[in-house]
Amino acid sequence: MKVVKGYRHTGIICKDIDKSLLFYRDYLGLEVIQDFWDDSEYINKITGIENANIHMIKLKADDGTVVELLEYPTHPTKLIKQEVYNVGQPHIAFQVYDIEESYNFLKSKNVKLISKPVLSSEKIAKVCFCIDPSNVRIELVEML
């Protein structure tokens, strides 16, 4: 049985949705396609949270990829210690038009960058990582 038909979106829980919006919209260039609040019975059921009121902003890349920013003002977000593998971390990868320009632009905006762009071992892409305002690793990839 096939369960997955395709990829829909990535949801990111934000400590400060305004800072995250600045990063994804103004720095990465994604387009806001929805900005709304939801305190419905539906959202409370699917999240398993009682009395939630969630602020959601959906942004779209040029290829149709969607990122969903979520903030839970009724249930303040705090960092918790989670068990993660000791090598690598979950991340989101975006294709970029020009990785050197992207890197320099993000650096000028004081975005935390892990490394300068590096040629992949397969020699098919240049890659670097940065950290978004909610401490999510973002991989930037320019296909060569």
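Okay, let's start on helix α2, residues 41-47, where K45 and E41 both sit, four residues apart, or about one turn of the helix. Their side chains meet in a salt bridge, with N to O at 3.1 Å. Both K45 and E41 are exposed. Before I go on, please keep in mind that this is a predicted model.

Side chains of opposite charge can pair when their charged atoms come close. How many salt bridges does the structure hold? Four, and I'll talk you through some of them.

Next up is K58 with E68. Their closest N and O atoms are 3.9 Å apart in a salt bridge. This pair links distant parts of the chain, with K58 in strand β3 and E68 in strand β4, residues 66-71, 10 residues apart. So, buried or exposed, these two, K58 and E68? Both are buried. For K58 the relative accessibility is 13%, and it counts as buried because that is under the 20% cut-off.

Leaving out residues up to four places away in sequence, K58 touches R8, E31, V32, I33, Q34, V66, V67 and E68.

K126 is in strand β8, residues 125-131, while E100 is in helix α3, so the pair ties together parts that are 26 residues apart in sequence. K126 is partly exposed at 23% relative accessibility, and E100 is partly exposed as well, at 33%.

Helix α3 comes back when we look at pockets. The second largest pocket has a volume of about 610 Å³. It is lined by 23 residues, and the closest to its centre are L28, F94, Q95, V96 and Y97. Which elements give two or more residues to that lining? They are β5 (91-95), α3 (99-108) and β9 (137-143). By type, the lining residues of this pocket split into 14 nonpolar, five polar and four charged.

Last topic, the cysteines. The structure holds zero disulfides. For C14, the nearest cysteine sulfur belongs to C130 and is 14 Å away. C14 is buried, at 1% relative accessibility. C128 is in no disulfide either, and its nearest cysteine sulfur, again that of C130, is 6.6 Å away.

Notes. Residues numbered from 1 in each chain as written. Predicted model: local features only at pLDDT ≥ 70, side-chain atom pairs only at ≥ 80, totals over all residues. Heavy atoms only, no water. 1 Å grid on protein atoms, 1.4 Å probe; cavity = no way out; pocket = protein on both sides within 12 Å on 5 of 7 lines; lining within 4 Å. Points joined across faces, edges and corners; volume = space filled by probe spheres on them. Nonpolar A, V, L, I, M, F, W, Y, C, P; charged D, E, K, R; others polar. Buried < 20%, exposed > 50% of the residue type's maximum accessible area, 1.4 Å probe, protein only. Contact = heavy atoms within 4.5 Å. Disulfide = S-S within 2.5 Å.
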